[in-house]
Amino acid sequence: MALRMIRQMGDEVLTKRCREVKEVTPRIKELIDDMLETMYEANGVGLAAPQVGVLKRLVVIDVGEGPIVLINPRVIATRGEQTGDEGCLSLPGKAGVVTRSAYVKIEAWDENMERFELEGEELLARAFEHEIEHLDGHMYVEKVEGPLHDVTYEEEEEGEEIE
C-alpha cells in the first residue's frame, strides 16, 4: 500500500467523467488499498479515484463503521433532504453548506464484481452522493449555498500528554 497524492480543486482530472471498471485486476486492488490508506491518512470519510488522478468509477468510504468499496456505483433512490456543512479532501481547509438527500440507496459492485445494494442515511447518504458526483467530474462547491468558510481540524500531537 502507498499514499497517493490527492488532487486539488483546479486540477483538470477532477472535471472529467470516469470510465467503468470492467474487471478487478491486481492494479485495481492495489488502487483500492492505496485509496483507503490515503483517505485514512487525510482523515477523510470518502475518496473517489479521480481525486488520486485515476479516471475509474471507484469510491471508498468509511463513516466510522468500516470501509466500503464501491465499484461502478450509482444512485438508484433518494428521499428527503438534509442540509449541513460539507468539505472535501480536494479542497482542504474549506467547507460549505450543501443540501443533499437524507436517504440514498445505491447499487455497486464489490471487489469480486458481484452486484449489491446499500442504503445510507445522514452522513453515509451525504458521502454516497458526494463521492459518486466526483465520478462525473463534479465537486460539492457547485452546490454550496452561500460562501465557503475556513475549517480547522485539531489533532493531538503523538505522545502528547493531557494534564
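Which residue in S5 is the bridge partner of Gly84? In this predicted model, residues are numbered from 1 along each chain as its sequence is written, local features need pLDDT of at least 70, side-chain atom pairs count only at pLDDT 80 or more, and totals for chains, interfaces and linings use all residues. Side-chain values use heavy atoms, with hydrogens and water left out.

The partner of Gly84 in S5 is Val98. Strands are DSSP runs of E of at least two residues and helices are runs of H or I of at least four residues, both numbered from the N terminus; two strands pair if DSSP finds at least two bridges between them. S4 and S5 are joined by 6 bridges in the antiparallel sense. Both belong to an open sheet of 3 strands, ordered S4-S5-S8 and paired antiparallel. S4 and strand S8 (149–150) are the edge strands of this sheet, each pairing on one side only.

The loop between strand S4 (82–87) and strand S5 (94–100) contains Ser90. Ser90 is buried, with a relative accessible area of 1%; buried denotes under 20% relative accessible area, exposed over 50% and partly exposed the range in between, for a 1.4 Å probe and protein chains only. The Ser90 side chain makes a polar contact of 3.0 Å with the side chain of Gln51. A polar contact is a pair of N or O atoms within 3.5 Å; within protein, one must be able to donate a hydrogen and the other to accept it, and residues adjacent in sequence count only if both atoms are side-chain atoms. Not counting residues up to four places away in sequence, Ser90 touches Ile6, Arg7, Gln8, Met9, Leu14, Gln51 and Met139, contact being defined as heavy atoms within 4.5 Å.

Strand S2 (residues 58–61) has Leu58 and Val60 pointing one way and Val59 and Ile61 the other, and all are buried. S2 pairs antiparallel with strand S1 (residues 46–48) over 3 bridges, and Ile61 in S2 is the bridge partner of Gly46. The hairpin of S2 and S3 has 6 residues between the strands, and Gly64 in its turn has a positive phi of about 105 degrees.

A further hairpin is formed by S6 and S7, with 5 residues between the strands, and here Met113 takes a positive phi near 60 degrees. Strand S6 (residues 103–109) and strand S7 (residues 115–121) pair antiparallel over 7 bridges, with Lys105 bridged to Glu119 in S7.

Val13 lies in the segment before helix H1 (26–41) and is buried, at a relative accessible area of 9%. Neighbours within four places in sequence aside, Val13 is in contact with Arg7, Pro50, Gly53 and Leu55. Val13 and Asp110 are separated by 97 residues in sequence and by 24 Å in space, C-alpha to C-alpha.
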